[in-house]
Each structure stands twice: as structure tokens, then as C-alpha cells.
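Please keep the sequence and the model in view while reading.

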Amino acid sequence: MNDPTALPAAVTRTRFATVPPLRTEASPAVRRRGPLASRRRLPLVTFVIVAAVGAAMIVGALAPVEAARGITTPIAVTLAVFLLAVWAWSATRLDDTLVAFLAAIALIAAGVLPVEEFFASLGDETIWLLIGAFVMAAAVSVSGLPLRAAAGLVRFARGPRSLFHLTTVALTLSAFAVPATSGRAALAVPVFGALSTTLDGRPRLTRALALLMPTVVLLSAVASLLGAGAHIITDQLLRAAGEPGFSFLSWLWLGLPLAVVSSHLAAEIILWRFLARPDRTTPVRVTTADIERAAGHRVSGPLTSAERRAAVLVSAAIVLWSTEPLHGLPPALVALFGAVAAVAPGIGCTTLPAAVARVPWSLLLFLAATLALATALTDSGAATWLSAVALEPMRGLGAAGAVAFLLAVVALSTAAHLLIPSRSARSAAIIPAVIALAPGLGVEPMAAALASTAAAGFCHTLPSSAKPVAMFADPQVVSGGYGPTDLRRLSIVLAPAMFVLVAVFALWIWPLQGLPLLR
């Protein structure tokens, strides 16, 4: 079996890689409790409130007094549609991409968003960057190189602590090979299966390892611009607002230290919260033979031809992306070269149909639609009007107001996963407001947007909060995993730790690295 993901649960993992997790009974582990009747009524009540606010803004914009205050009909329509989209992302089961398309169509029908601008977003350079990156990731996955790399690291483990930190290193490195958290989690499943087999008879350690893998996948994604679709959305929204945006190298420079610190901090928290002292001191021995037997894939000896080609492909792409200022090749063009090489006969590791079948087209369409929404927010003047109105009470607070704004953004982004289960949808909902409001308080929009995106990487409270968390909570995908109670035990410590960590980076570390908080 050459494909490490081609295990019995492959169909289930593919489902998680392309479709947002359901918010209700997807499995016994994600079944919700509580007053269901009141939960069903809540979306209707919130819809009435949001619709009433939107209607009031549109009607108010038609009044001469409100027009004199700067709110025009395009601004009111844009804000009303955006509020309804946020409501649909947070309170309904509608697919995120469908909601984004409905919002774009509403803006087109209202005359706020030009048709040609909407269709142009589908050809945006960022979309092609992701298409190329996903095709390369499919080839690398098929080669078996990620499983071999993980096996090569964890075989040095001599106890639970070293096992957890070596696994953390392996998962962090995978952020540069696979541009999606769900795809990385799918790659981690066979590794977990192999390790859990060798840890048979130690259920607490197995459960802690199951918690570690999705946690590190989500937190370490901030290391790479391509680590999550939310990062691309943030970069798109910044550029649409006239900001320079991030390059692959600048994001790596700022994001990698946070990814390393937060991932290893999470590993220590899991060791502390879920393992007793005897569990932590009992030796662990994992050999490559153990992993080969469990995964059904050779992970020792010389690299296979496919693995060598995959290693060259990934290395070349990372080098070219990181050295863009030297050669001037756009990242999307590098990704296109890499994609062609990945599927070329005699050079690549897979075929074009097989690679294209694993591209998450729904995510790409979502990115294109949210880019169009961001353009409408900026061009209609809605972003400027929103910032002027929201910041009026905070004028004159100076640096204290800027710090308070940053802390509020980090807190909101950390908690947003409780309402909006999709990481990409959270960025689409929060980042436009952050970019619009930051300059009014003297905050650098890129710093605030990066802090918000990094904080949104925490989404561990519920199994439905993120696809990797749902994947490892599903007993049909992994055995010996965790339940909702375990996630709450982890979140009650990890959430405040992430809040403090992101705030520290935004206030002190990133300014030292060249991204100041204040303008």
C-alpha cells in the first residue's frame, strides 16, 4: 500500500478533508446535550434580530438625516448582507461556500458588486496558488514520504514526553508539505494508528496522543501562509483593503516561532492534564518495524523513487517560495510549476486525475466568494463607515485604546469557534471588521489581522469546532480517542494560554521581528 491515507477509514477522512463537520449527531462523540427545543429556536430569534437591524440600516440610509451622517444605500445594503452571511455561517447548517455565494449574488443583484469583479475573483492569483499547492500535496501524500518522516522522528522517543514533542515536531513540519489542516490530520491518522498499536495497554497515553495530534495540527498551521485556508483569506482581505499583505517568507518569519511555542506548550499541557506521574515516567519504545506493521507501508531502508521525487519537489517549492525577492517568480507560478512536475510522467508521484480529485474545490470557491465580499465592503465605503461609527467612543484613548482593541480582537477570535465552526468562515467574518477598525486606533492592520488569524487557530472546545478535532473524536476514524469532556478539560487551560501567548507575540515579539503593533 503506497498511499498512507489509503486505510480502511480513507473514505471517512476524505469526507472530513472536503466537507465542514456537522454540528450535530455525526457520531456518538459529537452528540450534543441540553435543551434542544431552545437551541432550535435560537437561530430564528437571531435571524429576526439580524434581519431587523439590516432592514433598519437600509431604510435609515434612505432618510436625508442618515445620508448626511455618511451612510449611503450601498453601505447599508453591504452591511446588511454581510450580517446575514455571518448569521448563516454561525447559526445554520448551510454550507459555508453556499452562504458566501448567496451573499455575493445578493450584492450583485443590489448593484453593489459588479458582475465582472465577482467572476474575476475566481481567476485570482491566490486561487491558482492553492490549486498548485494542493496538487503537490496530493503527490507528496501518495509517495508515503510524510509517514516515513514521522516514523524517523518518533523512533527516537524513550518516554511519553519525548514521544509527544517529537510528534509535535513532525506535525509542525507537515504544515509546509500539505496546505490544509484537514489534509494534515488525515495524514496523521495512520501515524496515530501505528503508535496506538505499539501503546496497547496504555489507554490514557493513547487518549492523550489522540488529543495531541489535532491540537498540534491546528496550532502549528500558523507557521505557513499555506497552512490553512483562513491564512489565504486574511492575506486576500488585507490586499483588497490596500495593505501590502504577506509573502510566504514574511509569514514564515512571523508565524513559525508562534507555531513552535504554542504547539510545544500544548503538548506540555496535555501531558500535565491527561497523564498521571506513573504514565509520564514509564518508558515508551516505538520502532520503525512497529509502524510498518501498523501502517502497511515501508518506512525504513533507502528512500523509494517516489519518496525521493516528493522530497525534491517539496524542497524546491519551499526554497523558491522563500526566495521570491531574489528571483521574482510569483508564488502562484512556482506552485503551478510544482503541480505540473508532481503529475508529469516519469517525474511526478501521481497522475493528474488522481491529484485533481483530491483538491478541495469547495474551499477554493469559498475563497473566491469571500474575496468578492471583501471587495464590496471596501469599494462601497462600508468598511470606512463601520470603523468611523464603532471607534467614535474610543477616540482619544491613545495607546491604551490600541492595546484594548488588540486584546478584544484576540479574545473574540479565540472564542469565535463556539459560534462559527469553519476556520475560513471565521476569518471571512472577523478580519474585514478588524482591518477596517484598526487604523482608527493607530493599530497596524496587518498586525491585528495576523493576531486574529493566529488566535482563531484555537478551536478545541467542541468536536464540531474544527475538522481535525472532529476526525480524531470520531470512533469510526480512530479508536481510543477522546470525548467532549476531554476537550473541555483541555480547553479550559489551553484557551487562556493561547490568548496570553498571541497577545505577547503581538505586543512584544512581532514588533522585534519587524511587524509593529502601532502605526
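**Briefing on the fold and its packing**

Ala208 lies in helix H11, which covers residues 203–220; helices (H or I, at least four residues) and strands (E, at least two) are DSSP runs, numbered from the N terminus. The model is predicted, and local features need pLDDT of at least 70, side-chain atom pairs count only at pLDDT 80 or more, while totals for chains, interfaces and linings use all residues. Residues are numbered from 1 along each chain as its sequence is written, and side-chain values use heavy atoms, with hydrogens and water left out.

**The chain as a whole**

- The protein chain has 26 helices and zero strands as its secondary structure.
- Of its 519 residues, 55% count as buried, where buried means under 20% relative accessible area, exposed means over 50%, and partly exposed lies in between (1.4 Å probe, protein chains only).
- Among contacts (heavy atoms within 4.5 Å) between residues at least 6 apart in sequence, 80% join residues at least 24 apart.

- Ala208 is buried, with a relative accessible area of 0%, and, not counting residues up to four places away in sequence, Ala208 touches Phe164, Ile270, Phe274 and Leu275.
- Ala208 and Ile270 are 62 residues apart along the chain, and their C-alpha atoms are separated by 6.4 Å.
- The largest nonpolar core has 158 residues, and those with the most contacts inside it are Trp89, Phe164, Met213, Trp321, Phe405, Phe472 and Trp510; such a core is a set of buried Ala, Val, Leu, Ile, Met, Phe, Trp, Tyr and Cys residues joined through side-chain atoms within 4.5 Å.
- Phe164, leaving aside its neighbours within four places in sequence, is in contact with Leu205, Ala208, Leu209, Leu212, Ala267, Ile270 and Leu271.

**Helix H16 and its partners**

- Two packed helices are described by the angle between their axes and the distance between the axes; here, axes are lines fitted to C-alpha atoms, for helices over the stretch in contact, and angles run from 0 to 180 degrees between N-to-C directions.
- The axes of helix H7 (residues 125–143) and H16 come within 8 Å and cross at roughly 150°, and H7 and H16 are therefore roughly antiparallel to each other, given that angles under 35 degrees count as roughly parallel, over 145 as roughly antiparallel, 65 to 115 as roughly perpendicular and the rest as oblique.
- H7 passes H16 in a left-handed crossing; a crossing is left-handed if the near helix is turned anticlockwise from the far one by less than a right angle, and right-handed if clockwise.
- On the H7 side this contact is made by Leu129, Ala133, Met136, Val140 and Ser143, and on the H16 side by Ala306, Glu307, Ala310, Leu313, Val314, Ala317 and Trp321.
- By class, the contact of H7 with H16 has ten nonpolar, one polar and one charged residues, where Ala, Val, Leu, Ile, Met, Phe, Trp, Tyr, Cys and Pro count as nonpolar, Asp, Glu, Lys and Arg as charged, and the others, Gly among them, as polar.
- The axes of helix H13 (residues 248–274) and H16 come within 7 Å and cross at roughly 95°, which makes H13 roughly perpendicular to H16.
- Phe248, Leu249 and Leu252 of H13 make this contact with Ile318, Trp321 and Ser322 of H16.
- Ser322 is found in helix H16 (residues 305–322) and counts as buried at 16% relative accessibility.

**Other buried positions**

- Ala259, which lies in helix H13, is buried with a relative accessible area of 0%, and, not counting residues up to four places away in sequence, Ala259 touches Leu219, Ser220, Val222 and Ala223.
- Ser380 is found in the loop between helix H20 (361–379) and helix H21 (382–391) and is buried, with a relative accessible area of 16%.
- Ser380 and Thr78 are 302 residues apart in sequence and 7.4 Å apart in space, C-alpha to C-alpha.
- Not counting residues up to four places away in sequence, Ser380 touches Pro74, Ile75, Thr78 and Val112.
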